[in-house]
Amino acid sequence: FRIGRKSRNFLILLILFIASLIQILQLLSLVLSLERDRFFTIANNSLGTNSSDLFEPSDASLRTVSKEKELPMAGLDGSSSIGLISTGIAPEFIRNRNETLLPVDRLVHKAFWGMGHRLLRTATIWHMAKALNITQVKFQWRTCTNDLSHWSEDEKSGPTIFSYLFGDDVFAVTVPRPFGSSLPPQPRRGLDIMVRNDVRGYIGGQTFKNHRLPLLSKVYRHENSPFLEKMASDAEFYRLLWDRFVHKEEVTEFERRNRFEEHFVVGVHLRLGNGELTHFNESGRGVHNEIEFVANITDLLHHFIGKVQADYPRRFDENKTPLIFLATDTPRLVPDIMKSTESFGVPTIVLPQIRAKDNEGVTYEALRGKGGDCLDGWRAMFSDAFLLARSDVVVAARVSTFTQSLPLSAVLEKSETALGPRFCEVSDTATSMTCMEDAAAWLFRDSGRGMITYSTEGGPVEPVVHNVAVLLPDVELAEEFSVLINHLNERSFIHQQKKEETFTYTYGQQRVSQKYRSKQKKTKVISWNLTFS
């Protein structure tokens, strides 16, 4: 049909107006969708707090959409920063893009044995959760009742160890970073993934050495290598523990009272077993003569402090004087060490705490099942660990998972602030020790970069290398990991039919992984098997 020129022009303008309006509405819908997704992603992390600059501020910070307030928070290095402290509760459900309430997946880790052993695996679960885009982790460290069958859900048996220390045993997981991922956490169906002790797909660093597992040099020596990335993730988790530590005031008050800021603090961890026999001695961590060992290590500390004062004067800015903080499981040695270090003008301090009686073994075993004393023992162990972490340098007098967990991560994260030794490992005779400046130097020990050996014997000595207890991603993807991924995908389909159900899946059927245990046992190997093809 025919229409006039004015009508035709009006019709064209009307069509253009309608098309523009449609585009505006589409754009507005997209913005609202993105904002809604962002809101619920933040809401899912409502348990968290902003990570303080314990080691360094990181993007591990957690935020909440409600009940936030700006408060000053002390970092593990003693400094202050402004962070968001949240009193929010981690939600059990999260909305998807279709506004459907879905239960949140979570990893549930059951930890066993001593503090260092637990911490290394707990930090590894944090790494695994990020790799899987799991938004919550529940930590089961049991209670301090004598009935070891009780797990943390049994409130009648008393407060759980983990919640006593950190306020809650459920942590919300931040935006994942492993494997270069930058995607936000993806809610699934409310699946509980149970992990008992060992985390399949991760093994102790010493296992790589002992079994000569091949590592491609250009991949594993890179600054973003799987190993160094895992250690950075561990440090991220330990920062979060410091933020959540309920008894933080005990640590900071001890620092203030002893004026840490006016001293170059040498944190010494002396793990001699306190009469522990079986596993401790079988693993080669005992000493033949305690008196001789203590005399040697105090002489070594005297020599070390003098060398650091001479070689790294910047570490003693503002006329800082040396101070030794001692953490030990063998209290009978404390008076002798104090007297010995005072003879060369360096005081030694210890944190007053409940301890196991002489020759009764380690704290967690000696106080297990003793209610309040047991909880106080765990609090003291973590206070010691945090004080070591806040020292200028940590000296591991013997091989210990205690020092290779939180304290190691903390002092090596400080390596960019000043040159010089950060983490030191002492020889079996306590006449020499090798110190490292950063994580790469500690892990790979090659060409002398970032490491120096101190000795009271005179002349050249071999570098000291302790067994690597830190857990690292295996060179092979765990079979259980692939099975878990398939299970997650299957449950995603099932949940469409039964949204109200929560599923439980056990990851690894045994507490201790048998991989590499069935192979022929080899003697300790110092170097890595780095390859170039």
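User: Which residues does Trp442 touch, not counting residues up to four places away in sequence?

Analyst: In this predicted model, Trp442 touches Met231, Gln404, Leu408, Leu412, Phe423, Glu425, Met436, Val468 and Val470. Trp442 is also listed, with Met128, Phe325, Trp378, Phe382 and Leu443, among the residues with the most contacts inside the largest nonpolar core.

User: How many residues does the largest nonpolar core have, and where does its largest share come from?

Analyst: In soluble globular proteins, nonpolar side chains tend to be buried together. Here the largest such core has 89 residues, and helix H12 supplies its largest share, 10 residues. Another core, of 32 residues, lies apart from it and includes Leu270, Phe316, Leu326 and Ala397. Of the 533 residues of the protein chain, 52% count as buried.

User: How should I read the open sheet, and what is the order of its seven strands?

Analyst: Strands of a sheet pair through backbone hydrogen bonds, either parallel or antiparallel. In this case the order is S13-S12-S11-S14-S15-S16-S17, with mixed pairing. Strands S13 (348–349) and S17 (451–455) stand at the edges with a single partner strand each, so one side of each is left without a neighbour in the sheet.

User: Which helices pack on these strands?

Analyst: Helix H12 packs on the sheet and touches S11 (263–270), S12 (321–328) and S14 (393–396). Its direction makes about 150 degrees with that of S12. Helix H13 (residues 406–413) lies across S14, S15 and S16, and runs at about 130 degrees to S15.

User: In which sense do S15 and S16 pair, parallel or antiparallel?

Analyst: Strand S15 (residues 423–426) and strand S16 (residues 432–436) pair in the antiparallel sense, over four bridges. Within this pairing, Glu425 stands opposite Thr434 in S16.

User: Strand S16 also holds Cys435. Is Cys435 buried or exposed, and what is it in contact with?

Analyst: Cys435 counts as buried, because its relative accessibility is 1% and the limit for that class is under 20%. Leaving aside neighbours within four places in sequence, Cys435 is in contact with Phe304, Pro421, Phe423, Cys424, Gly450, Met451, Ile452 and Tyr454. Cys435 and Thr453 are 18 residues apart in sequence, and their C-alpha atoms are 6.2 Å apart in space.

User: How is an aromatic pair read, and how many does a search of the whole structure find?

Analyst: A pair of aromatic rings is described by the distance of the centres and the angle of the planes. The search finds 26 aromatic pairs. One of them is Phe139 with Phe171, an edge-to-face pair at 5.4 Å centre to centre, with 85 degrees between the planes. Phe139 lies in strand S6 (residues 136–140) and Phe171 in strand S7 (residues 170–172), so the pair ties together parts that are 32 residues apart in sequence. Phe139 is buried at a relative accessible area of 1%, and Phe171 is buried at 0%.

User: What links Phe166 and Phe382?

Analyst: Phe166 and Phe382 form an edge-to-face pair, 5.2 Å centre to centre with 85 degrees between the planes. Phe166 belongs to helix H3 (residues 161–166) and Phe382 to helix H12 (residues 372–389), so the pair ties together parts that are 216 residues apart in sequence. Both Phe166 and Phe382 are buried.

User: Which charged residues lie over aromatic rings?

Analyst: Arg244 lies over the face of Phe171, at 4.3 Å from the ring centre. The charged end of Arg221 sits over the ring of Phe444, 4.5 Å from its centre.

Technical notes. Residues numbered from 1 in each chain as written. Predicted model: local features only at pLDDT ≥ 70, side-chain atom pairs only at ≥ 80, totals over all residues. Heavy atoms only, no water. Phe/Tyr/Trp six-rings, centres within 6.5 Å; stacked < 30°, edge-to-face > 60°. Helix = DSSP H or I, 4+ residues; strand = E, 2+ residues; numbered from the N terminus. Buried < 20%, exposed > 50% of the residue type's maximum accessible area, 1.4 Å probe, protein only. Lys NZ or Arg CZ within 6 Å of the ring centre and 35° of its normal. Pairing = 2+ DSSP bridges. Contact = heavy atoms within 4.5 Å. Axes fitted to C-alpha atoms, helices over the stretch in contact; angles between N-to-C directions. Core = buried A, V, L, I, M, F, W, Y, C linked by side-chain atoms within 4.5 Å.
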